[in-house]
Amino acid sequence: MADVVLKAVEKVFGSERVVKSIDLSVNQGEFFSLLGPSGCGKTTTLRMIAGLETPTSGDLLIRGERMNDVPINRRPTNLVFQKLALFPHLDVFDNIAFGLKLKGLPRPEIARRVDDMLDVVSLAGFERRRVTELSGGQQQRVAIARALVNAPAVLLLDEPLGALDLKLQLRLQRELKRIQRSTGTTFIYVTHNQAEALTLSDRLAVMNEGRVEQIGSPADMYLHSATSFVASFIGRTNLIAGEATFAGGEARVTDGALSVVLDDADAPADNGRTVLSLRPERIVIAPKTPMANGIDATVAEVEFLGATVLYRMRIADGRILFVQALADTPPLAEGTAVRLGWGKDAAVSIRSTTVAEDVE
Amino acid sequence: MQESAIKRWALHIFLAATLAFMLAPILIVVVNSFNASAFNAWPPHGFTLDWYRKVLANPAFQRGTVNSLIIGVISTAIVLVLGTPIAYALARIRLRGVTGLKAILFAPLIVPRVAIGFAMFVLFVALGTATGLRLYGTFTGVILAHCVLMLPFVVAILTVSFGEVDPIVEEAARDLGASPIAAFRLAVLPQIKGALLVSGIFAFITSFDEVETTLFVVRPAVNTLPVEMYHFLEQYQDPTIAALSTLLIAFTFFIALAVPFAVKGNELLRMMTSGKQ
Amino acid sequence: MSAVAAAPASGRRLSRGARLGLLLGPGFICVVLPFVAAMALLGAYSLNLRDTTGAGLGLSVWSQFLGDPFNWRVIWSSVQLAALSTVITILIAYPTAAALLRVRNRFYLVVAYVALFSPLLVSVISRSYGWLLLLSDTGFVNQTFGLFGLGPYRMVFNETGVIIALVHVLLPYAVLPILNIMTQVPPVYREAALDLGASGWTVFRQVTLPLTLPGVIVAAEIIFALSISAFVTPSLLGGGRVLTLSRMLYDNIGLIEWGMAAVQAIVLLTTALAVLFVLERVNRATHAARQD
Ligand SMILES: Nc1ncnc2c1ncn2[C@@H]1O[C@H](COP(=O)(O)OP(=O)(O)O)[C@@H](O)[C@H]1O
Ligand SMILES: [Mg+2]
């Protein structure tokens, strides 16, 4: 069952269309992420779901009820803010109890639920600490507890780990996932960090310039990227664009010095401009057996990543091809000339959209 | 960095002299309140508490004190109630024409108090003739005049404090189920408690000591204490006024020094500076 | 942005205008509007609105006021008095602020602040009375001078006493902005200048003073405005012999010369604003000069 549904939701600030006709459906108990570069409208979308912004047009439904005109304090959602927004004048207990007190629950009930929640976020014993005295990670947990204690149907999180150091981020990611599984709450998680989104999400939506480019599971997104934007935003890829020609059950796309052969079933049906995504790990260095595709290149740059090595290979027309190889042999030196090869099924045809910047 | 010792000592001596200058008129008033000489002879001719007896028995001063307390408390309450939403709006809502609005709002800080007093007097008399509304020489009139003087001061302090409260805590409170008013009361107001206290105390002291505007809008029945003192001093200069002043100094210092217990000193300083722009 | 003034019953948000109206309305209607009306009425009265002579609306009071050289002398002496008080106050406030920054002893610092700001907590009447006691012919100061065979000097019921008492109450207003800007000037500038071999005096003249000048000008603006409009202090310490615009205004009300009083109130306000305007120009100019 769908917990949150957005139908053709738009948001216009002044003359700027910040969110452009978004359609989304988030299932109950799902960990759903909105992924996209900074400024693409993720926060605005989340704030519309929370009730901090009103959609300019379109419908927003939560558990089947239209929410467009329901004020924020009457929605079954709670938000973990990007800047946390803890109440500086209250201690940990009173921060977490804030929503329960507003509901007018009896004191013992409040104390019990806050205690339970402190256990969930591993902050037992910190009740009477001032929130300003806590570390970043602890403040983060208070923010999550403060929202989650109200048992919302949907918990909305806006880059909650963005301000923390990497190690803490990874630890809290695991904790978030555990909390989400144990409470069964629907999570909608906003992030610009693709690794985080892929790690955490059951499904995710990739956003770009106010639009949703693709919705699907992390594996789906990676293996069957629908657009060039998604392909380059999720992981790294080589984009090849050119006219497709068909001959003898094969399709050929030529782009400068590159000429890629693939099964014609994988290419668009009509002749014309085609964009292909060729993942770096699908390219083989110095293939032992001949492959359907091959090209000569020299090593331009070497990036040692531990388990793998990322090469920037220069081809005849001067362009760079990313190639990722297992680091089971010593890396090649810069300037080495090599033969590269890949199979017919390596490159996938995608829709062309604005290409994401080169993000790690 | 090392400064020359001479310069340091010169500055310290200068500071000590300044502090002596600042305290001198206040100390002499306190000392003179016990002076047995009715003509302020110096050095004092002996010790007496007669002047305190005279002050406490003086019906004009008694009435003035009661009037001043009533006027001070009511006008402070009014400017806090009216000033808080104005400061909130100035800090939170982006406005076109805000410069003009502020110019009018803060004008009483620049317009000479004597001119304000006279203008209010003229207004009260004109309103009285035109509508029968009685403002001149009434509590309502004096309170209104004091509110005019105090409102910009209170708004200035509170605007700064509201500016320092992250608007996002209000959104957080709303998200957790608070109505707009509850969000303001539970998430914002507690954070500006100190500023409310400071501006309230300064407003009260301003009202309690105010003469220059008040002189124009009072009639004997509602004379405030400083106005009674002013008229008294124009005629007599015996230590009665010293005794009364000593009592007042003790009173205002007691109120004002209670502030640092509520707010930190440097915060206080910042608020005072910001209020004077 | 959430609205304090949204209607909780319907759950509907109020429009921006309605919110603004609810937040600003009460204060503006109850307090600001009467003030504006009063000032407007003042202008109207200066134009003979409340006609007692049968002259009708016009500039007759203005021409009467401006045509009398005596009034010009009063304006001029008011400005002089205020300017002199301002200059003396600044000259004392600047080193005082510099000294305060160097105080390390917490207790002394608290005492110093309380002493410096005490005039704000003490009624102007009490302060003026204190100065009358100190400065009178047989007062503390003259008695002390007498011990050294000096004096007595006449210091009350003339401008000397007025200026001394004004400086006293204005000092805290001057120290605050100067202190404020001094704490904002990073010591590295001075250190760099000293490092380059500049003498202490040169550093002060070429580095510290220019950098703190904006604070000084702000201080001057505040205290000039306060001193030109002072009324009680000049009245009590001047004993009626130091005539200022504000004093004249008060007397005219007693004489029921309301039109004239209105003109004087406006002249007083205009003079204060004119000086503020000039100082603000100077401030801009020094800012601009520092940007270059
Ligand atoms: N209240 C607002 N008024 C005007 N523009 C806004 C407002 N909030 C966001 N924007 C604009 O909308 C765009 C998307 O912002 P946002 O939703 O915060 O992006 P993201 O969270 O993906 O970084 C940005 O260009 C931003 O400047
Ligand atoms: Mg964002």
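A residue counts as buried when its relative accessible area is under 20%, as exposed when that area is over 50%, and as partly exposed in between, with a 1.4 Å probe and protein chains only. The side chains of A:Glu303 and A:Arg312 meet in a salt bridge with an N to O distance of 2.9 Å; the term stands for a side-chain nitrogen of Lys or Arg within 4 Å of a carboxyl oxygen of Asp or Glu.

The model is a predicted one, in which local features need pLDDT of at least 70 and side-chain atom pairs count only at pLDDT 80 or more, whereas totals for chains, interfaces and linings use all residues. Residues are numbered from 1 along each chain as its sequence is written, chains are lettered from A and ligands numbered from 1 in the order in which they are written, and side-chain values use heavy atoms, with hydrogens and water left out.

Along the principal axes, the C-alpha atoms of chain B fill a box of roughly 70 × 70 × 35 Å. Of the 277 residues in chain B, 57% are buried. Contact here means heavy atoms within 4.5 Å; among contacts in chain B between residues at least 6 apart in sequence, 73% join residues at least 24 apart. Chain B exposes about 11300 Å², and carbon and sulfur atoms supply 69% of this area, as computed by the Shrake-Rupley method with a 1.4 Å probe; for residues, only the protein chains shown count as cover. There are 18 positive and 14 negative side chains in chain B, and the centres of the two sets lie 3 Å apart. In that count Lys and Arg are positive and Asp and Glu negative, with His and the chain ends not counted, and each charge is placed at NZ of Lys, CZ of Arg, CG of Asp or CD of Glu.

The size of an interface is often given as the accessible area lost when the parts come together. Buried area is used here in that sense, as the accessible area (1.4 Å probe) that two parts lose on being put together, summed over both. Between chain B and chain C it is about 8000 Å², of which carbon and sulfur atoms give 81%. This contact takes 86 residues from chain B and 93 residues from chain C. One salt bridge is found across the interface of chain B and chain C: C:Arg247 and B:Glu234 meet through their side chains at 3.9 Å, N to O. Helix α4 of chain C (residues 106-121) holds C:Ser118, which is buried at 0% relative accessibility. Leaving aside neighbours within four places in sequence, C:Ser118 is in contact with B:Met22, B:Leu23, B:Ile26 and B:Phe253.

Chain A also meets chain B, with 22 residues of chain A in contact with 17 residues of chain B. The area buried between chain A and chain B is about 1600 Å², of which carbon and sulfur atoms give 65%. On the chain A side, A:Asn73, A:His89 and A:Leu102 lose the most area to chain B, together 30% of what that side buries. Two salt bridges cross the interface of chain A and chain B, including one between A:Lys83 and B:Asp166 at 3.6 Å, N to O.

Over all chains the count comes to 32 salt bridges. One of them joins the side chains of A:Lys42 and A:Glu159 at 3.9 Å, N to O. A:Lys42 lies in helix α1 (residues 42-50) of chain A and A:Glu159 in the loop between β7 (154-158) and α5 (166-183), so the pair ties together parts that are 117 residues apart in sequence. Both A:Lys42 and A:Glu159 are buried. Elsewhere in chain A, salt bridges link A:Asp91, A:Asp94, A:Lys101 and A:Arg128 in a network.

Phi of A:Leu84 is near 65°, a positive value in a residue other than glycine, and A:Leu84 is buried at 12% relative accessibility. Phi of A:Ala151 is near 50°, also positive in a residue other than glycine, but A:Ala151 is exposed at 58% relative accessibility.

Terms used:
Helices (H or I, at least four residues) and strands (E, at least two) are DSSP runs, numbered from the N terminus.
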